[in-house]
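Please read this briefing with the sequence and the coordinates open side by side.

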Amino acid sequence: EKAGEDFIVIFRLSMLDLINKGSSWGEVLLLAKQLEAAGVTMINTGIGWHEARIPTIATCVPRAAFTFVTEKLKPHVTIPLV
């Protein structure tokens, strides 16, 4: 509140952990909705963790390879996903 209504709050949310016992889709969806309700301005969508054995940013990974998971969240929130 002290920062004002125009203050931008961005939360980085792992959309697809790619590790054992990572967040389920239901948990990701619930957290995204809770973040929006709490006043987060936009969600920065991330894929994978450093510990993941699946490459996510290597040159062998096609551009936009993981956009499907961000698209899956779009209908459930009204704030921008980046």
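Predicted model: local features only at pLDDT ≥ 70, side-chain atom pairs only at ≥ 80, totals over all residues.

Residues are numbered from 1 along each chain as its sequence is written, and side-chain values use heavy atoms, with hydrogens and water left out. The protein has 2 helices and 2 strands, and from the N terminus on these elements run β-α-β-α. Helices (H or I, at least four residues) and strands (E, at least two) are DSSP runs, numbered from the N terminus.

**Overall figures**

- Of the 82 residues of the protein, 29% count as buried, where buried means under 20% relative accessible area, exposed means over 50%, and partly exposed lies in between (1.4 Å probe, protein chains only).
- The protein exposes about 6300 Å², of which carbon and sulfur atoms supply 57%; accessible areas come from the Shrake-Rupley method with a 1.4 Å probe, and for residues only the protein chains shown count as cover.
- Among the contacts in the protein with a separation of 6 or more, 80% are accounted for by residues 24 or more positions apart, a contact being heavy atoms within 4.5 Å.

- Helix 1 covers residues 25-38, and its 14 residues should span 20 Å at 1.5 Å a residue, which agrees with the 20 Å between its end C-alpha atoms; the expected span is 1.5 Å times one less than the number of residues.
- Val28, Leu29, Ala32 and Leu35 are the buried residues named in helix 1.
- Seen down the axis of helix 1, its buried residues fall within an arc of 125 degrees, so they line one face of the helix; the arc is that of the directions from the helix axis to the C-beta atoms.
- As background, an α-helix has 3.6 residues a turn, so residues three or four places apart point the same way.
- The cover over the buried residues of helix 1 includes strand 1 (10-16), strand 2 and helix 2 (67-73), while Ala37 and Ala38 are exposed on the other side of helix 1.
- Ser23 sits in the loop between strand 1 and helix 1 and is partly exposed at 41% relative accessibility; not counting residues up to four places away in sequence, Ser23 touches Asp17 and Val28.
- Just after helix 1, Gly39 takes a positive phi of about 105 degrees.

- Ile43 belongs to strand 2 and is buried, with 0% relative accessibility.
- Leaving aside neighbours within four places in sequence, Ile43 is in contact with Phe11, Leu13, Ala32, Leu35, Ile79, Pro80, Leu81 and Val82.
- The C-alpha atoms of Ile43 and Ser14 are separated by 9.8 Å, with the two residues 29 residues apart along the chain.
- Thr45 lies in strand 2 (residues 42-47) and is buried at a relative accessible area of 18%; apart from neighbours within four places in sequence, Thr45 is in contact with Arg12, Leu13, Met15, Thr70, Leu81 and Val82.

- Thr70 is placed in helix 2 and counts as buried at 14% relative accessibility.
- The side chains of Thr45 and Thr70 make a polar contact (3.1 Å); a polar contact is a pair of N or O atoms within 3.5 Å, where within protein one must be able to donate a hydrogen and the other to accept it, and residues adjacent in sequence count only if both atoms are side-chain atoms.
- Once neighbours within four places in sequence are set aside, Thr70 is in contact with Met15, Thr45 and Leu81.

**Salt bridge**

- The structure holds 1 salt bridge, defined as a side-chain nitrogen of Lys or Arg within 4 Å of a carboxyl oxygen of Asp or Glu.
- Glu71 forms a salt bridge with Lys74, and the closest N and O atoms are 3.4 Å apart.
- Glu71 is partly exposed at 46% relative accessibility, and Lys74 is partly exposed with a relative accessible area of 45%.
- In general, side chains of opposite charge can pair when their charged atoms come close.
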